[in-house]
Amino acid sequence: MTKDKGNLLVVDDTPDNLRLLSAMLSEQGYKVRKALNGQIALNTVSQVPPDVILLDINMAGMNGYEVCKILKSDQETQDIPVIFISALDDVLDKVKAFEVGGVDYITKPFQCEEVIARIENQLTIQRQRKQLQQEINERQKTEETLRVYLHAVSHDLRNPVLGLSMVLKNFLKRAKIQKTETINISKTVLQQMVASCDRQLNLINSLVETQQFEMGGVALNCQPLNLFSLSQKLVTEWEPMLQEHQASLEILIPSDLPCVKADSDRLWRVFENLLANALKHNQPGLKLTLDAEIFNPETSEIVIQNESSKSEFKINMIVCKFMDNGVGMTPEKGKTLFERYHRGDGANKTLGLGLGLYLCRQIIEAHGGQIGVITHPNEGAKFWFTLPIFS
């Protein structure tokens, strides 16, 4: 017995014709199903779509033309090739068959070799179409991955590079004012610069290892992490950028807050993206506040804004809140902030593809947390995200 070469549906209201054609095709290795009228054929197709349909025209009740029209009007079945097999050999009959969506026409009486050749032709076309569509989908996915990857490099490296650049420019400016070729750098500042370079290198290594976020997910190296200590480092490294924007960052995170289970490099990117986003979309003089506490689903406003039931939140979570007193936005706009390629109202004046907050969501969700924003026009914005407590 030859291996099944395709799934065929034969439709004919003459039982002898149906048995003859079905037996012939089964002997050639095709899996064949039979239908004695148009309605049975439609029901059969809806249950398990065949690869090719062999359809008679002159049938009682619903003729072949009507069956084909119905198939072609349904998005689920419109791509199934229909080969008409009929004793009608008038040119107008054949033209009508193609007009209603048929891909081929075989006149009775037929030769077995001819039927097989027509079927194989359609099966080949179907296989090539599926292969082409798969290649198109893979290419689109690759291009999308590349966009995310390139943006991750450009967007997330820009922040530490800008901070380091401002520190170095300040030293150059001081040397110019003092008219000297050398300048003294304190050990503390030098350590900050080294830490910034190390962070950039870690980011590059991380991006190379993961390659992208969509295909393989966000790779994490979770360890016990003290959010208070991390926030102090954030303030120190971002001090030049805060001064440039005449902004302030107040840390309210308790020093004795339980450690979270997190990847420090990934989480640093979340903080940097939120901070850079706030500075970019607000006027100078912005006041920023960073806070964190053990999440309480009974009292937190996050449950309402996230539109999730309390049962979806675990009590062993820390909620981080990054707040500003800026321009804010409508709650409707806030709901779209974390979507891919979303860009703010002032995005036409800035670089980037609108992936910063989308990447934040990817990172937080990879940790098992959730992220959102509570905001209203002229009332600032409160970004929040949850992280698991290390246990």
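Is Asp-104 buried or exposed? With a relative accessible area of 12%, Asp-104 is buried (buried is under 20% relative accessible area, exposed over 50%, partly exposed in between; 1.4 Å probe, protein chains only). The model is predicted, so to speak of local features takes a pLDDT of at least 70 and side-chain atom pairs count only at pLDDT 80 or more, while totals for chains, interfaces and linings use all residues. Residues are numbered from 1 along each chain as its sequence is written, and side-chain values use heavy atoms, leaving out hydrogens and water.

Asp-104 pairs up with Arg-118 in a salt bridge, with the closest N and O atoms 2.7 Å apart (a salt bridge puts a side-chain nitrogen of Lys or Arg within 4 Å of a carboxyl oxygen of Asp or Glu). Arg-118 sits in helix α5 and Asp-104 in strand β5, so the pair ties together parts 14 residues apart in sequence (helices, H or I of at least four residues, and strands, E of at least two, are DSSP runs numbered from the N terminus). Arg-118 itself is partly exposed, at 25%.

By this rule there are 8 salt bridges. Another one joins Asp-12 to Lys-108 at 3.0 Å, N to O. That pair links distant parts of the chain, 96 residues apart: Asp-12 is in the loop between β1 and α1, Lys-108 in the loop between β5 and α5. Asp-12 counts as buried at 5% relative accessibility, whereas Lys-108 is partly exposed at 21%. Asp-56 joins Asp-12 and Lys-108 in a network of salt bridges.
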